Amino acid sequence: MSVASPSAPARPTPPGPPAPGAHVRRKRRSSTSSGLVPYALALPALFLLFALLGYPMVRMVVLSFQNMRLRELFAGLTPPWVGLDNYTKVLTDSVFWTVALRTTVFTVVSVALTVTIGLAVAMLMRRVAPSIRIAMIVVMMFVWAMPQLVATQIFRWLVDADFGVINYLLTLIGLDYESHSWFAEPLEGWAVITSLVVWAGIPFIAITLNAGLTQVPKELIEAATVDGASPWQAFRNITLPILKQLIVIVTTLSAIWNFGLFTQPWVIRDGRPSSDYQTLATYAYSTAFKTNNYSLGSAISVITVILLAAVMVFYIRQMFKIGDVD
Amino acid sequence: MKRKIALAAALTAALLAAACGNDSSNSGTPDANASVDGKGKTLKVWLMVDAQSGWKNVVDQANERFTAATGAQVQIDYQQWGDHLAKVDATLAGSEVPDVMELGNTEMPKYVFNGAFHELDKAQYENSATWLTGLSAPCEFEGKTWCVPYYAGARVLIYNTDLFTKAGLQPPKTYADVVTAAKTLKEKNPGAKFSGFYAPGAHQYMGLAWAVSGGGTIAKQEGDKWVGTLSDPKVQEGLTKWKEITSYSSGDKTKNEQDQSAIFAQGTSGMMYGAGWEASSAQEQPKDPNDPASAKVKTKVAGKVATVAMPEVPSFLGGSNVGIAAKAPNPELAAQWIKIFTDTKSQELLIEKGALPNATSLLDKAAAKEGNEASAQAAKNSFFVPMAPKWAEVESANVIQQMLVSIATGKATVADATKKADDQINTILNS
C-alpha cells in the first residue's frame, strides 16, 4: 500500500528560483507534446491504483446507498436504492458510537505507547555498543516480520485460561491466577490486545527513529552540555525539534494502522468477538458478512474511511512540508 | 485502511460475481431416479470436516456406488466450520457453485428462505417419512422440501467414571443428582483448576437447553412477527439453574465449547455437557492435530469416560443437511448422489461411527450400538432453535453467547440479560 512508504506519493520537483534562461526553456518545452510525457508515465500507476483501490471504493459507496441482502446476492438482482437510510441507521445507533469511541480510545492509547516506547528504544540504540545495536535490530526485524495472524495466535495461547503460560507463571510466583480468564473483564482483554499491537508496532518506530537520530549532530549536544544543559533540556530543545517531522509521520502512520484494527481482536476472540471487543473494522465486517447486511456494513466502512481521511490529510500535508524543506 | 480496502474488494468480488451469475432458470425438481449418463462429468460436493475426520468410509462407499450407477466422478471438498458461511455466501453468489452443499441444521432456514437450494421430491429419499423433525423442519419451506437430513448429534452428560467412583457417586438419574455430584466432586477435589461440572459460558446449546428445560421457548411467532421469549419466567428459571451449574466450573467463563474435550482430557473435570463424539475425543486424540488421519494417542482419561442422557434437560438436536445448490451444474446427478449418501445403507455405516441417523426408524439401531445409547436416548427428548428464516443471524451476531457470558460472569442479572437478548432477537428476526 502506498502510504506504507513515506516516499511513495510522486510529486513534481518544487520549482526553485528560476535559473537564468530556464524560463525560456520551460516555455518552449511546455508548448510541445513532450510536456505530457510525465503524465503518460504516471498513467499506468494511476490506472492500477484506480483499479485496485478506486473501483472497489466506488462500489462500496454505491452499495452503502442500497439495501443488499442475501437474496439479491444469490439471485444477482440489483438491490433497491434506499438513499441515506443506512447512514441514518448507523449514525443513530448507540452501538456504533460505542464502537467508534472504543476504536478511538484504543488508537490514542496504543499509538502513544508505541511511539513513546519506540522512541525510548531508538535512543537506547544510540547509546549501546554497535554489536548490541545490531542484535537489537535483528530481534526487532524478527518481530516486524512476524505475520499479525501468527503473533495473535501465539498471544492467544499465552493468555489462554486453561493452558496459557502467563497464568502458569503468575501462579508460580504466588499470585492467584489459576484458570484466570483474561477476557472476562474487557479492560484486561484490551490490555492484552494493546500489548500485542504495541509490541508489534515498536520495531518500525524504533528503527525509523533510530535512523532519524543519526541526523542529530553530536557536536550540538556536546556544545549544549558544555553550556550546562541537562540531558532532558538537550533532548527537548535539540533532539525533539530535529526528530519532530519524523515523529509526526510515524505517529500518523501508526494512528492509521491502529484505527483499522481487525486481526488482533478478531483472532484472539476466535472469530466471534463479543460486543465488548468490536472495533470499527470488525463491526463493519460482522454486520456485512455475519448478519448479511452488506449495505449497512458498507455504510460503516464508508464512515470509517471518512474518519480516517481526516488523519490522512494531516499525513499528506506533512509529506508535502518535508518536500518543501528539501 | 488496508482492511477497509480488502473488505471493499471482497464485497466487490461478490457483487461482480453476482452480476455475472448465470440466470439459468432452475424450475423443476431434479429427479433422483432419472437415468443420467454422467460419464466424463464430475460432481462437486462440499462436506464439512466431520465427514473427513469421523466417517470418511461412509463418503467413500457412497461415491463408489454413485460412480457405478452413473459413471460420474465425485470431487469432495471438506470445509471447516468456523467462518464457513461467509465462504458459502460468496460462492453461491458466483457462477461456479458446487452441486451439493452441507449446512448445519440451524443455518439451513436462512438459505432455503433466500432461494439458495433446489426443491426436491421428498418421496424419492429413503426413510423420508420418519426423518427427525429437528433436521427436516429446517428443510421445509412453503410446504416444499429443499434439503435432505444427513446426520444428527445429541448432547449428553459426559462424566469421568474414575472421579465418580472415588467420590462414591452413582451415574446421575435426576437433575438433583447432577447438582449433588458436582458439589461432592468439588469438595473432594480441592484445587483451583478442578471443575465439578465443566461449563464454558459461551456454550450456547448448553445454555439454551437449560433455558427451555422448564417448558419455556426461545422465540415464538405471532402473526408474521417473531417475538423473543427468553425473558419469560420459565426460561429465566431454567437459566438460573444453568448459572448455578456453571458455578461448579472453574474454567474460563467467556470460552465456548470448542476445546472442552481437550480440557476434560486433563482429568480435572467431573462432568461436562457435550456431543456424544466428544466423549471419544476426550479419550483419544490424533497424534498430529493437523492430520485427522494420523495415529491416535490415549489421553489421561482414556477408559474413564461414560455418557448418560442429561436428566430433565432436553437435548439440542444438532446435525447437518445436504441440499442441491440452485445454480448446480448437475442437479440430477446431485440428487442421485444425495439419495445414495443418505440411504439406509449409508446411515447404518454412520451409526457405526457414533453419529445419530437422520430418521426415527433408525434410532433403535443406533441405541443398540455400544456407547451410543445415551445419545439415542437423548435424541428422543430434544429441542430445536426457532424456525425463523433469520435465526442463523441471531447465532452469528453472538446474541445468545453474550447473554450467557454476562449471566455466568455475574455482569448482568438473568432478568436484565434475557431482556436485552429478547430485544436483539426481535430486531434481527423482524428486520
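Let me start with the aromatic cluster in chain A: Phe262(A), Trp266(A), Tyr285(A), Phe289(A) and Tyr294(A) are linked into a cluster by ring pairs, where rings of Phe, Tyr and Trp (its six-membered ring) pair if their centres lie within 6.5 Å, and planes under 30 degrees apart count as stacked, over 60 as edge-to-face and the rest as tilted. Please keep in mind that this is a predicted model, in which local features need pLDDT of at least 70 and side-chain atom pairs count only at pLDDT 80 or more, while totals for chains, interfaces and linings use all residues. Residues are numbered from 1 along each chain as its sequence is written, chains are lettered from A and ligands numbered from 1 in the order in which they are written, and side-chain values use heavy atoms, with hydrogens and water left out.

Over all chains, the structure holds 29 aromatic pairs. One of them is Phe183(A) with Tyr277(A), whose ring centres are 5.8 Å apart and whose planes stand at 70 degrees, so this pair is edge-to-face. It links distant parts of the chain, since Phe183(A) sits in the loop between helix H8 (165–172) and helix H9 (186–213) of chain A, whereas Tyr277(A) sits in the loop between H12 and H13 of chain A, 94 residues apart; helices here are DSSP runs (H or I, at least four residues), as strands are (E, at least two), numbered from the N terminus. Both Phe183(A) and Tyr277(A) are buried, where buried means under 20% relative accessible area, exposed over 50%, and partly exposed in between (1.4 Å probe, protein chains only).

Now to the interface. Counting contact as heavy atoms within 4.5 Å, 55 residues of chain A touch 51 residues of chain B. The area buried between the two chains is about 4500 Å², with carbon and sulfur atoms giving 57% of it; buried area is the accessible area (1.4 Å probe) that two parts lose on being put together, summed over both. Of the area that chain A buries against chain B, 15% is supplied by Phe74(A), Asp162(A) and Arg272(A), more than by any other three residues.

How many salt bridges does the rule find across the interface of chain A and chain B? There are three, taking a salt bridge as a side-chain nitrogen of Lys or Arg within 4 Å of a carboxyl oxygen of Asp or Glu, and the count over all chains comes to 14.

One of them brings together the side chains of Glu393(B) and Arg69(A), at 3.4 Å from N to O. Glu393(B) lies in helix H17 (residues 391–396) of chain B and Arg69(A) in the loop between H2 and H3 of chain A, so the pair joins two chains; both Glu393(B) and Arg69(A) are buried.

Another joins Asp162(A) and Lys255(B), at 2.8 Å from N to O, with Asp162(A) in the loop between H7 and H8 of chain A and Lys255(B) in the loop between helix H10 (233–246) and helix H11 (260–264) of chain B. Asp162(A) and Lys255(B) are both buried, and they belong to a network of salt bridges that also links Asp160(A) and Asp259(B).

Finally, within chain B, Lys166(B) forms a salt bridge with Asp162(B), the closest N and O atoms being 3.4 Å apart. Because they are four residues apart in helix H7 (residues 161–166) of chain B, Lys166(B) and Asp162(B) are separated by about one helical turn. Lys166(B) counts as exposed, at 65% relative accessibility, whereas Asp162(B), with a relative accessible area of 25%, is partly exposed.
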